[in-house]
Amino acid sequence: MPAKPVVDRRVDLAAAHATPALLAVRDWLLVLLAFSSGTYEAICYLSFGKVFTGFQTGNIVLLGLAAAGTRPPFGPDPDSVVVSLIAFAVGAALAVWILKAFNGDEEVDDDDVFQVWPRRVSIALGVALAVQVGFLALWIAAAPSSEVSNIMLGLNALAMGVQMNAIRSLHVPGISTTAATATFVSWASGPATWPHKGTWARRLTGVLVSMAVGALVGDWLLRHAHTFAPVLPALVIAVVIAVASVALKQEPAR
């Protein structure tokens, strides 16, 4: 069978089929999702034993520290690290199933990608939001304990995994809204490898800055509005879904 053409990951596949205005709205929604992820990451990292829920590279390093025998307060709780890793993987797999069930996934028919924000992406984000609402309910109602903490950690990591693959399916070059490593590499190597027009630079910079600002806000919320700290990032995700469903609705290409 003939080999499928290699997809150039430096190309914004929706750009040829969407107006600059639609692409600009999409980019702002990506910035908002990065802000939400930064807020959630700060809340969970500071509340559940210095374990990540979106930045799984960090958790793999922490797993190595745990294997070496480093334990709290100098190292992570290995149980929490494993919970986060497994839950994130489950969320990523769940997102692939959702994307396939609603007509497509991020590795299938890349040449046919044309919609700036397909409906299946909002559906996947809606599932992630439902998980985050469960996280919020436990945050407000449950008494602190290691068991409850690991459940909440797992819920947030699962939602992050869903969001990661949902946004990855958009094929926006260099963008991840749950961990900044890929985006930072793209931003740092941009002048040598990317067509760095103003739009590209603003998109990459916006995602990086908004994630850092989100972490700052998450820390502030823990200090000054602890009980309701997870409300803001959940609202941000809800706004993203609502705006995408209304402003980025496109008819299939003929």
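I began at Arg223, which is exposed, with a relative accessible area of 64%. For the terms I used these cut-offs: buried is under 20% relative accessible area, exposed is over 50%, and partly exposed is in between, with a 1.4 Å probe and protein chains only.

I noted the ground rules next. The model is predicted: local features need pLDDT of at least 70, side-chain atom pairs count only at pLDDT 80 or more, and totals for chains, interfaces and linings use all residues. Residues are numbered from 1 along each chain as its sequence is written, and side-chain values use heavy atoms, with hydrogens and water left out.

**Entry: Arg223 and its partner**

I looked up what Arg223 pairs with. Its side chain meets that of Asp219 in a salt bridge, 2.6 Å from N to O. The term means a side-chain nitrogen of Lys or Arg within 4 Å of a carboxyl oxygen of Asp or Glu. Side chains of opposite charge can pair when their charged atoms come close. Both residues sit in helix 7, 4 residues apart, about one turn of the helix. I took helices as DSSP runs (H or I, at least four residues), with strands (E) needing at least two, numbered from the N terminus. Asp219 is partly exposed, at 24% relative accessible area.

**Entry: the network**

I checked each link. Asp27 meets Arg26 at 3.1 Å, N to O. Asp27 also bridges to Arg203, with the closest N and O atoms 3.0 Å apart.

Asp27 has a relative accessible area of 9%. Arg203 counts as buried too, at 6%. My search of the whole structure gave 3 salt bridges.

**Entry: nonpolar patch**

I turned to the surface. Leu63, Val82, Ile86 and Val90 form a nonpolar patch there, with about 300 Å² of accessible area together. Patch residues have over 30% relative accessible area and no salt bridge; like charges are joined within 9 Å, nonpolar side chains (Val, Leu, Ile, Met, Phe, Trp, Tyr) within 5 Å. Areas come from the Shrake-Rupley method with a 1.4 Å probe; for residues, only the protein chains shown count as cover.

Which helix gives the most to this patch? Helix 3 (residues 78-101) does, with 3 residues. Leu63 lies in helix 2 (residues 56-67). Leu63 is partly exposed, at 32% relative accessible area.
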